[in-house]
2 protein chains.
Amino acid sequence: MTTYSAPLRDFDFLLHEVMGVADADIPGYDALDRETTAAIHTEAAKLAETILAPLNEIGDAQGCRLENGVVTTPEGFPDAYRRLGDGGWIALDCDEAHGGTGMPYLMNCTTGEMFVSANMALNMYQGLTHGAISALQVHGSPDQQARYLPPMVAGRWTGTMNLTEPQCGTDLGLIRTRAEPQDDGSYRITGQKIWISGGEHDMAENIVHLVLARIPGGPAGTKGLSLFVVPKFLVKDDGSLGARNGVSCVGLEAKMGIHGASTCVMAYEAAQGWLVGAEHGGLKAMFTMMNEARLGVGLQGYAVAVRAHQAAVAFARERLQGRSVTGAKNPDGPADPILVHPDVRRALMDQRAFIEGARAFAFWGATLIDRAHRARDPDAEGLISLLTPVIKGYLTDQGFETCVSAQQVPGGTGYVAGAGFEQFTRDARIAMIYEGTNGIQALDLVGRKLGANGGKAMLAFADLIRAETRNGEADPALEADFVAPLREAARDLQAAVGVFIERGMKEPEQALAGAHDFLRLTGHVCLGLMWVRMARAAQAGLAAGNGDAAFYEAKLATGRHYMRWALPETALHLRRIQTGGETVMALPAEAF
Amino acid sequence: MTTYSAPLRDFDFLLHEVMGVADADIPGYDALDRETTAAIHTEAAKLAETILAPLNEIGDAQGCRLENGVVTTPEGFPDAYRRLGDGGWIALDCDEAHGGTGMPYLMNCTTGEMFVSANMALNMYQGLTHGAISALQVHGSPDQQARYLPPMVAGRWTGTMNLTEPQCGTDLGLIRTRAEPQDDGSYRITGQKIWISGGEHDMAENIVHLVLARIPGGPAGTKGLSLFVVPKFLVKDDGSLGARNGVSCVGLEAKMGIHGASTCVMAYEAAQGWLVGAEHGGLKAMFTMMNEARLGVGLQGYAVAVRAHQAAVAFARERLQGRSVTGAKNPDGPADPILVHPDVRRALMDQRAFIEGARAFAFWGATLIDRAHRARDPDAEGLISLLTPVIKGYLTDQGFETCVSAQQVPGGTGYVAGAGFEQFTRDARIAMIYEGTNGIQALDLVGRKLGANGGKAMLAFADLIRAETRNGEADPALEADFVAPLREAARDLQAAVGVFIERGMKEPEQALAGAHDFLRLTGHVCLGLMWVRMARAAQAGLAAGNGDAAFYEAKLATGRHYMRWALPETALHLRRIQTGGETVMALPAEAF
């Protein structure tokens, strides 16, 4: 069994030395002083390390069980979820009026990273509930908010999102589930939804389903979708539970991973539901949640890799096999720890450089969401909308690859159950798929976000990079090791944007063939930018001589590795984008 | 459940149009005329498609069970293995004197690809048995050969390889298992072996274990290892089975994949064994099998991907979701098949271009092994020794990535059990680990093979590429689309070799940090070379107008995709190699 150790020093470094959150001009950030964030992180870490992490393997081994419509989750899961609720961790950022603490969303992400690293499957119940809370906070009526939010925030009830149906995943315009209006203002929902995470389980007294359905007579396609709240048990006006609603779990998916998370086939049989937001405004309501939901999945992508990397490091320290090529490092033992071997070290450095950059990227994204929502800053909204598919797509692709790389370090031990590694790989795999496959993220980035508002957000991002890389960096080592490589990568990005501008309209297939590479190119530039910022902060920390030199030196060494070994991938992506999709689209369909 | 369709046209194309095997000056190849190979492939395909493939999912779901030392394999596995034996498929290439057909090893690979695509877990019993047969053919005494080979070749007995122990996998010098000499010339073997594939099962009457152990008094390290044959049941002189030997399965690993293959902890308790080959010559005996064994794993790497790709294509044809960006392609349906979307098409083309190149590479490797063994050609031996770690490492890395890519095509369906996709990913993952992790392959390539005999093999490989890419390609399209890109990639390879020559001796850690990238760079050049050869053959086929134009056109289009989209990766790998390992080795061990 692997253990988990929360990277508290890194959280502190990012929030206070890199991002200076307490001084940021975002409403609510002034409360994020160093002591406060440290206290919050320490509490969350304790829960993650001692309660959630030991349940990770149990959850995988036991999985969920469906009997007579009742889903039993793994041993310990209900108790652990109760602790998440008791600790206030379900929705730190929910309004105080509804039982939350009103903290910035950022703190939901920092604590969320730990919970995911500790136990991704368990934390999915929290993640889905958080999403439903956010949707009701924005689109729910005051009565709906009062009725549903407090018990969800407290962890007594959970939430779900019901979009997918057998005939449609990506293409929601094909949704068939019907919502028949009733005289009392409610609706009767009928249809089947699939792949509903947390659709049924034994961890909460009630489950609040948010369901996309079609009111008869509305427009076809996505424009005719409305959002409904459908509780498992009807809720009386005093908040107590009433009759069981007409919604039930009729199937449970066996999955590659996240076994502790129930993935349900849900049957709605004239279930009573209430409209959330406007009629036919369902997709729009879902979309306003999307940046947050997708950032949450991106966070999963690297958070599982955090734990996989920790396990790989522990193995590499302990396993004695072979000798260092430069002479024995453990001469009194039968062999050296495999940490001495350059290829093992390369893999560990690749993992580490990605993880630390990804964390900075996700947290920066969270501050953009906070700025967009709390300061109502349209530029922040534009930037995070542009970067959301990159956070989701790049961090989950690379997070999975990082788990695979970590799994490779221990050799055979990486393949056997119970050692942890293979579970991390299986769990991490889903993040590339759900909440919009990474192919859809790439399409969203290139087909929608890149050109939105005349390309304003990408121009703003380019300006931001330019501001960080203008000539005249005072420190020559920073210039050579960090700023110059980012400048080079940003040139690749700019050239790629040029290709899309030139080709996008007249040869859309040619352009879209390069969408995946463009997403990765952008992801690398983002992580390069993060490393420039972290390197500056580490230099400042060293210069201040505050006694943590080893931490800062390690940060700089890790960043240099990213800039030299990972960032040059931008040239390959640019080349593919320039090459275009001729060979991609060349084969006739029948030749496949 | 997915189906499997054997790529018979491709086999024919490679053997006869690309490699011209019937005319090759390798003893035994004259028998490989087009009709003969077609007949063999058709028979093997029937078995693979109708018997082995349907058992793949059952094998995964049921796995193996250990009770009181007895391992029960999945339903249908024993019968299927008997059919492999009855059909003569266990060791086509074994000498006729021992019950084989004496066919070239190449035919073992072509048929083996189908068996692996159909059912990797089941075919592992064949693969291990084949390895044991090969070892006994080369190193066994005439008595051992007569005693063990015929029933193994016939599929009545199976074979295993016993190397790993708890304290050693890669570093075999740490092996502790003892072999005490007895007065009758036999030995008593005592020790524990782990991760023994097929160590115990219910598919054969007897199991022939080949075991690395240490004769007391011998040299320390790998020089003191000897190879022993240790049958599960002792074999009387008339070939009938005698007493149960002191070897038993005391544990079964739960694994990420290949559930149908038993992976055993084996206890040897004064088990009777007989020396195979010379005393203290055990490692050498194992090494002579290694090219073949590693090529077999490389073949697994892409063969699983073949089936994953077929499943992805089938899904992409059937699933209706969204509309083509250039206008509806299925206007009468609710949506277009997702095959129309450029990102889906890109993924499928990446998969296809890799698979077809990998197949050519593996088959070419098999002909080199045949040339080395049958024609006793030291140059072929040198070349295949150089390329073996590339075949193993590159084809399994990329084969796994190809399975992951195929799994991405169906979205959520790729993640649920029973749809096939997630099993392919889990199964393919092991090939990167066993038979020497891919990190070890990279070390073997750079640290051992590159400089062997003064770098003779790499020089020969460079000559070979040069001969295929000299200026003056008659066909301008071939020159532009295939030859020129290979020439460019070969320049990257040459530059990388230069870095290793310059740096290897004086900065070994710097050099070895680039080993992984060098392996991938070489792999790309090899696949590029294969595509040049295939493109020439396809052009020739088109020119001959033999009525299969669609096949040749698709081959050329697929090859162009490889040359434009995959091959340029060589520049990235070269850049990393040139960058060197400074950042890889920079962190002190305690900083991890």
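Q: What share of the residues of chain A counts as buried?
A: In this predicted model, 63% of the 592 residues of chain A count as buried.

Q: And how many helices and strands does chain A have?
A: Chain A contains 19 helices and eleven strands. Its radius of gyration is 24 Å, close to the 25 Å from the globule rule for 592 residues, so chain A is as compact as a globular protein of that length.

Q: What box do the C-alpha atoms fill?
A: Along the principal axes, the C-alpha atoms of chain A occupy roughly 80 × 60 × 55 Å.

Q: Which residues have the most contacts inside the largest nonpolar core?
A: They are F461(A), F518(A), F461(B) and F518(B), in a core of 397 residues. In soluble globular proteins, nonpolar side chains tend to be buried together.

Q: What does F461(B) touch, leaving out residues up to four places away in sequence?
A: Its contacts include W364(B), L383(B), L386(B), L493(B) and V525(B).

Q: Changing topic to the backbone: what is phi of I258(A)?
A: Phi of I258(A) is near 35°, a positive value in a residue other than glycine. Most residues other than glycine have a negative phi.

Q: Where is I258(A), then?
A: I258(A) lies in the loop between β10 (247–252) and β11 (263–276) of chain A. With a relative accessible area of 2%, I258(A) is buried.

Q: What about R376(B): buried or exposed?
A: R376(B) counts as exposed, at 69% relative accessibility. This residue sits in the loop between α10 (342–374) and α11 (378–408) of chain B, and phi of R376(B) is near 45°, also a positive value.

Conventions: Residues are numbered from 1 along each chain as its sequence is written. Chains are lettered from A and ligands numbered from 1 in the order in which they are written. This is a predicted model: local features need pLDDT of at least 70, side-chain atom pairs count only at pLDDT 80 or more; totals for chains, interfaces and linings use all residues. Side-chain values use heavy atoms; hydrogens and water are left out. Helices (H or I, at least four residues) and strands (E, at least two) are DSSP runs, numbered from the N terminus. The radius of gyration is taken over C-alpha atoms; the globule rule is 2.2 Å times the number of residues to the power 0.38. Buried means under 20% relative accessible area, exposed over 50%, partly exposed in between (1.4 Å probe, protein chains only). A nonpolar core is a set of buried Ala, Val, Leu, Ile, Met, Phe, Trp, Tyr and Cys residues joined through side-chain atoms within 4.5 Å. Contact means heavy atoms within 4.5 Å.
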